Amino acid sequence: MPGFKDLFYHFFGWFLFGLINPLWRCISRIPALPLFSGWRRRGEIEHDPEQSEDKQRLRKYSSDVEEGVTEVLPDNRIDSWPSEKKAEEEDELHCDYDSTWESEHVESPPSKKTTYSRGHRNYKFSRFENAARDMWKYRHDYPNLHRTENSWQQEHDAKPNLNFYLGNTRSLPDGVYIKDFHNNWYGDYARLEYVHTFIQWLFPLQEPGVNYEAKTLTKQEIQDFLNSDDAKCNLRLSYELMLDFYGIKLKDVETGEVTRAPNWSERFQNLNRHTHNNLRITRILKCLGTLGYPHYQAPLVQFFLEETLVNNELQSVKDSALSYFVFAVLNRQERQKLLKFAYEHYEPKEEFVWCPKKIQRVWSSHWQE
């Protein structure tokens with residue numbers, strides 16, 4: 001049984017806490033005291049996702065999410081994009097970073113992002129918005145991307161990606177020539193699955209990846225690559241290498257039409273198990289659009305939409321196909337066709353979030369007629 005002294009300390013502590021706690025709350029709300037007001041603001045940001053998003057926005061590149069590539073945009077760059085959009089009617093699925101359905105020739109999201117309260121935001125739509133922001137940056141040549149390494153490469157006339165594709169240099173750190181990738185890695189599915197330092201060399205971009213020994217593309221390097229038949233031919237062979245890895249075959253080298261490869265069933269299982277390949281496919285689509293094969297983009301995306309939505313295969317790929325693959329396609333008319341096909345075969349339709357409701361209503365009314 002506790003003694004008198006223990007009871008005294010117990011009640012004294014309870015009384016002191018009851019007195020100080022309300023007083024502390026009042027003091028912490030006084031804005032004139034920077035120490036306490038700073039504490040209060042941090043608490044507010046933690047519980048206010050919209051304010052937190054306005055104060056600090058993270059840029060993530062879909063092709064390298066597995067690689068941890070993030071960049072914080074400071075406040076003075078958040079609203080730096082141009083605003084040329086016409087007034088939009090209220091639409092719960094209107095995405096500021098997708099201009100697939102607009103009449104302007106130049107895609108340019110508004111300076112302020114449409115926001116909804118947390119309770120009313122659709123989870124799928126929120127994921128799509130994040131993806132759409134990334135794909136907008138790709139389609140607009142990565143605005144605000146720091147190009148420190150690019151500047152050094154341009155100054156020293158270094159073209160590591162082009163030289164690699166012309167067979168002059170090896171990839172790093174693997175030390176493999178482009179012809180050896182095509183001859184020795186083709187069909188080596190274990191190596192293609194578990195080695196993560198080759199994809200940045202086979203499909204270079206203007207955005208960085210996890211392999212710090214791989215360099216990003218420069219503007220001049222892109223132009224020289226597009227003017228090189230040998231480099232473009234080797235890129236097509238790299239594309240066929242990865243298509244085979246995924247159980248796909250390039251049916252027409254002119255149009256980019258693809259079809260199932262003989263080993264599709266086994267490779268589809270691997271693709272379902274190892275979802276990091278969705279990020280690789282996004283990288284491949286971006287690279288095709290940058291280095292001379294934009295007409296290859298839509299056929300590959302169409303293939304994945306058919307497999308996921310019509311044939312009910314590759315369910316681990318479906319979300320990436322809708323949120324990323326479709327919006328990597330540079331041609332706006334092709335994107336519209338792909339989304340219409342996706343909506344037609346998606347169930348349940350009330351959960352389709354990848355185009356505005358007003359577009360969905362138009363499609364539905366046409367089908368009902």
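Biologist: How many aromatic pairs does a search of the whole structure find?

Modeller: The search finds 23 aromatic pairs. Keep in mind that this is a predicted model.

Biologist: Take Tyr239 and Tyr296. Are those rings stacked, tilted or edge-to-face?

Modeller: Tilted. Their centres are 5.6 Å apart and the planes sit at 35°. Stacked would need planes under 30 degrees apart, and edge-to-face over 60, so this pair counts as tilted.

Biologist: Which parts does that pair tie together?

Modeller: Tyr239 is in helix H12, residues 229-245. Tyr296 is in the loop between helix H14 (276-290) and helix H15 (297-310). The pair therefore links parts that lie 57 residues apart in sequence.

Biologist: Tyr239 and Tyr296, buried or exposed?

Modeller: Both Tyr239 and Tyr296 are buried.

Biologist: Which residues form an aromatic cluster?

Modeller: One cluster takes in Phe164, Tyr165, Phe181, Trp185, Phe198, Trp201 and Phe225.

Biologist: Phe181 and Trp185 are in there. Which residues of helix H8 are buried?

Modeller: In H8, residues 178-185, the buried ones are Ile178, Phe181, His182 and Trp185. Looking down the H8 axis, they fall within an arc of 115°, so they line one face of the helix.

Biologist: Why would residues three or four places apart point the same way?

Modeller: Because an α-helix has 3.6 residues a turn.

Biologist: What covers the buried residues of H8?

Modeller: The cover includes helix H7 (160-165), helix H9 (189-194), helix H10 (199-202) and H12.

Biologist: And what follows H8?

Modeller: Gly187 comes after H8, and its phi is positive, near 85°.

Biologist: Back to H12. What does Asn234 touch?

Modeller: Asn234 lies in helix H12. Not counting residues up to four places away in sequence, Asn234 touches Tyr165, Ile178 and His182. Tyr165 belongs to the aromatic cluster, while Ile178 and His182 are among the buried residues of H8.

Biologist: Is Asn234 buried or exposed?

Modeller: Buried. Its relative accessibility is 16%, and the cut-off for buried is under 20%.

Biologist: New topic, charges over rings. Where does the charged end of Arg260 sit?

Modeller: Over the ring of Trp264, 3.7 Å from the ring centre. There is also Lys349, which lies over the face of Tyr343 at 5.5 Å from the ring centre.

Biologist: Cys233 and Cys355, then. Which is buried and which is partly exposed?

Modeller: Cys355 is buried, at 1% relative accessibility. Cys233 is partly exposed, at 34%.

Biologist: Let's move to Phe325. Where does Phe325 lie?

Modeller: In helix H16, residues 318-328. Phe325 is buried, and its relative accessible area is 0%.

Biologist: What is Phe325 in contact with?

Modeller: Leaving aside neighbours within four places in sequence, the contacts are Asn278, Ile281, Thr282, Leu285, Val301, Phe304, Val317 and Ser320. Take Asn278: from Phe325 it is 47 residues away in sequence, and the C-alpha atoms are 8.9 Å apart.

Biologist: What about Asn277, buried or exposed?

Modeller: Buried, with a relative accessible area of 0%. Asn277 is in helix H14. Beyond neighbours within four places in sequence, Asn277 contacts Glu193, Phe245, Tyr246, Asn270 and Leu271.

Biologist: How far apart are Asn277 and Val317?

Modeller: They are 40 residues apart along the chain, with their C-alpha atoms separated by 8.9 Å.

Biologist: Zoom out. How many helices and strands are there?

Modeller: There are 18 helices and four strands. The protein has 369 residues, and 45% of them are buried.

Technical notes:
Residues are numbered from 1 along each chain as its sequence is written. This is a predicted model: local features need pLDDT of at least 70, side-chain atom pairs count only at pLDDT 80 or more; totals for chains, interfaces and linings use all residues. Side-chain values use heavy atoms; hydrogens and water are left out. Rings of Phe, Tyr and Trp (its six-membered ring) pair if their centres lie within 6.5 Å; planes under 30 degrees apart count as stacked, over 60 as edge-to-face and the rest as tilted. Helices (H or I, at least four residues) and strands (E, at least two) are DSSP runs, numbered from the N terminus. Buried means under 20% relative accessible area, exposed over 50%, partly exposed in between (1.4 Å probe, protein chains only). A charge sits over a ring if NZ of Lys or CZ of Arg is within 6 Å of the ring centre and within 35 degrees of the ring normal. Contact means heavy atoms within 4.5 Å. The arc is that of the directions from the helix axis to the C-beta atoms.
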